[in-house]
Amino acid sequence: MQSEIIDPKLVEEFLSFTKNVTEAPKLVPAPDEITLESTPFDVVYEQDKMRLLHYRPLVEKQTKTPFLISYAIINRFHILDIQQKKSWVRKLLESGIDVYMIDWGTPSNIDKYLDFDDYVNLYMDNCVDFIRKEAQVDNISVQGYCTGGTIATIYSTLHPEKVRNLVVTAPVIDGWKDTTVVSNMAKHMKIDMLVDTIGNMPPEFMYYCFSILKPFEQGLEKYYKFFKNIHDKEFVDNFLRVEKWLSDTPPIPGELFRQWIRDIYQENLLIQNKMYVGGKQINLKNITMPIFVQVAVGDHLVSPECSMPIYYAVSSEDKTMRVYPIGHVGMIASSFSQKQILPELCQWIKERS
């Protein structure tokens with residue numbers, strides 16, 4: 001019987017991989033040596049834990065209408081400015097757009113009673129009013145990313161006179177059509193018992209949710225690629241920046257989380273115009289301003305079917321929807337977003353500002 005021959009290339013790859021693992025501590029910087037922000041900004045307004053950031057211009061301003069980004073309530077805003085070559089913020093600034101960002105901060109136990117009303121009608125509305133006064137304009141452009149897109153959508157239904165243009169990037173809108181693992185988990189949560197027992201949702205809970213989305217890709221495969229490319233400085237830098245961003249997850253206020261799970265995922269009230277925030281009914285038909293909907297085909301956090309219904313639910317006559325062959329994070333922090341997604345968005349904004 002002929003003995004099996006081991007492929008020399010397999011042996012070479014194994015030895016090379018083992019060597020990379022051994023050398024990793026010498027080649028990889030410590031987490032505290034990595035700085036995520038790459039674009040200078042000023043903190044122009046603060047309220048409780050929330051901060052309003054105003055990015056310093058990089059070129060002469062070409063649009064009069066300020067642009068406010070409502071980031072998600074999960075993780076941090078850094079992913080939109082994670083490095084110069086893939087910075088969403090920098091690309092907007094280079095196009096002459098005046099950019100602001102809401103940093104929701106880190107809720108503590110005292111903030112467990114904060115809900116949609118606080119985030120929409122208090123924090124976000126005060127930020128919008130501050131920008132309107134500072135820029136001396138009646139209304140501004142608003143972009144919301146992921147869960148921040150849901151907040152921006154709700155805000156635009158309650159304060160349409162203050163929103164000139166609305167951009168929603170992978171927003172959570174139709175909970176029953178979301179086919180992701182997160183959605184399936186949410187639909188089966190005993191949400192009242194969970195929030196009444198725990199209060200704020202801790203970072204550890206969010207880590208668990210993310211880890212089961214794509215267990216192979218987020219575990220073994222991810223680190224295999226990391227060690228395989230340990231000598232590629234750009235790859236390692238990108239990897240560490242994203243890892244540091246992923247590990248910096250703030251708690252979510254208990255009441256906000258309760259309303260989020262119950263009203264959006266379990267009862268699906270938002271798309272049905274049956275949701276109430278601050279005692280007022282949310283009606284998507286109140287959105288009449290120009291709207292740009294951005295959806296990612298490979299989104300494993302917010303499925304395209306969950307985001308797309310907003311395009312058909314609003315009253316806007318000027319509405320655009322783009323579906324991109326990319327994932328949730330790749331939508332806003334990738335070479336593809338720099339080459340295709342952002343140029344389209346910047347042009348759209350300029351035409352309406």
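The model on the screen is a predicted one, in which local features need a pLDDT of at least 70 and side-chain atom pairs count only at pLDDT 80 or more, while totals for chains, interfaces and linings use all residues. Residues are numbered from 1 along each chain as its sequence is written, and side-chain values use heavy atoms, with hydrogens and water left out.

Let me begin with the strands, where helices (H or I, at least four residues) and strands (E, at least two) are DSSP runs numbered from the N terminus, and where two strands pair if DSSP finds at least two bridges between them. Strand 1 and strand 2 run antiparallel and are joined by 6 bridges, and within this pairing Glu46 stands opposite Arg51 of strand 2. The two strands form a hairpin with 2 residues between them, and Asp48, in the turn, has a positive phi of about 55 degrees. Why is strand 2 largely enclosed by the rest of the structure? It is because 5 of its 6 residues are buried.

Now to the charged side chains, where a salt bridge is a side-chain nitrogen of Lys or Arg within 4 Å of a carboxyl oxygen of Asp or Glu. By this rule the model has 15 salt bridges. One of them joins Asp42 to Arg56, with the closest N and O atoms 2.9 Å apart. This pair links distant parts of the chain, since Asp42 sits in strand 1 (residues 41-47) and Arg56 in the loop between strand 2 (50-55) and strand 3 (67-70), 14 residues apart. Asp42 is partly exposed, at a relative accessible area of 34%, and Arg56 is partly exposed as well, at 42%.

A second bridge, between Glu255 and Arg258, has its closest N and O atoms 2.8 Å apart, and both residues lie in helix 11 (residues 254-266), 3 residues apart, or about one turn of the helix.

On a 1 Å grid over the protein atoms alone, a cavity is a set of points where a 1.4 Å probe fits but cannot get out, and lining residues have an atom within 4 Å of a point; grid points are joined across faces, edges and corners, and a volume is the space filled by probe spheres set on the points. A search of the whole structure finds 2 cavities of 30 Å³ or more. The largest has a volume of about 90 Å³ and is lined by 15 residues, of which Ala72, Asn75, Trp104, Gly105 and Pro250 lie nearest its centre.

Terms used
On a 1 Å grid over the protein atoms alone, a cavity is a set of points where a 1.4 Å probe fits but cannot get out, and a pocket is an open set with protein on both sides within 12 Å along at least five of seven lines; lining residues have an atom within 4 Å of a point. Buried means under 20% relative accessible area, exposed over 50%, partly exposed in between (1.4 Å probe, protein chains only).
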